[in-house]
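Have the viewer open and try each task before reading on.

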Amino acid sequence: MSAECSSYLNADKVLVSGFSCPRAGGDARAVFCCGFQDVKYCCDDPHSFFPYEHSYMWWLSVGALVGLSIAAVVLFAFIITVCVLCYLFISTKPRSKLDTGLSLQTADSEARGSSVC
């Protein structure tokens, strides 16, 4: 079994002549013509041909990078906000215990005080 990759214009608008798959010296299992309209190669998967120009993939990559950058900035801002709020909570916390107004006595002093009466 073999496939024919027709000639095409690459990204630099240079004509690349057609070839047969598998190529001489290449993988014997690569019997299908795969790739894009501007980049073709031999492969072993018959569903790896995309009738689009290769350059559209870069726009997907740029979109993914922009989305990931925005997500990273939001995550960074969230982490900074949590750190600032934790610092403010800890720094404004009173250093000494609050006075409840009750004096605490040990059990021994209470026992001695009742026996004196």
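Buried means under 20% relative accessible area, exposed means over 50%, and partly exposed covers what lies in between. Keep in mind that this is a predicted model.

**Exercise 1.** Classify Cys-83 by its relative accessibility, then decide what its sulfur can bond to.

*Solution.* Start with the accessibility: Cys-83 has 49%, so it counts as partly exposed. Next, look for a partner. The closest cysteine sulfur belongs to Cys-86 and is 6.7 Å away, too far for a bond, given that a disulfide needs sulfur atoms within 2.5 Å. Cys-86 itself, at 42%, is also partly exposed.

**Exercise 2.** Find how many disulfides there are and work out their pairing.

*Solution.* The count is three.
- Take Cys-5 and Cys-33, with sulfurs 1.9 Å apart. Cys-5 lies in strand 1 and Cys-33 in strand 5, so this link ties together parts 28 residues apart in sequence. The S-S torsion is about 125 degrees, so the disulfide is right-handed.
- Then comes Cys-21 with Cys-42, at 2.0 Å; with -85 degrees about the S-S bond, this link is left-handed.
- Finally, Cys-34 bonds to Cys-43, at 1.5 Å, and both are buried.

Numbering the bonded cysteines in sequence order gives 1-3, 2-5, 4-6.

**Exercise 3.** Describe the surroundings of Phe-19.

*Solution.* Begin with the core: Phe-19 belongs to the largest nonpolar core, which has eight residues, including Ala-3, Tyr-8 and Ala-30. Strand 1 and strand 4 each supply at least two of the core residues. Now check the ring: the charged end of Arg-23 sits over it, 3.7 Å from the centre. Beyond four places in sequence, the contacts of Phe-19 include Glu-4, Lys-40 and Tyr-41.

Terms used:
Residues are numbered from 1 along each chain as its sequence is written. This is a predicted model: local features need pLDDT of at least 70, side-chain atom pairs count only at pLDDT 80 or more; totals for chains, interfaces and linings use all residues. Side-chain values use heavy atoms; hydrogens and water are left out. A charge sits over a ring if NZ of Lys or CZ of Arg is within 6 Å of the ring centre and within 35 degrees of the ring normal. A nonpolar core is a set of buried Ala, Val, Leu, Ile, Met, Phe, Trp, Tyr and Cys residues joined through side-chain atoms within 4.5 Å. Buried means under 20% relative accessible area, exposed over 50%, partly exposed in between (1.4 Å probe, protein chains only). Helices (H or I, at least four residues) and strands (E, at least two) are DSSP runs, numbered from the N terminus. Contact means heavy atoms within 4.5 Å.
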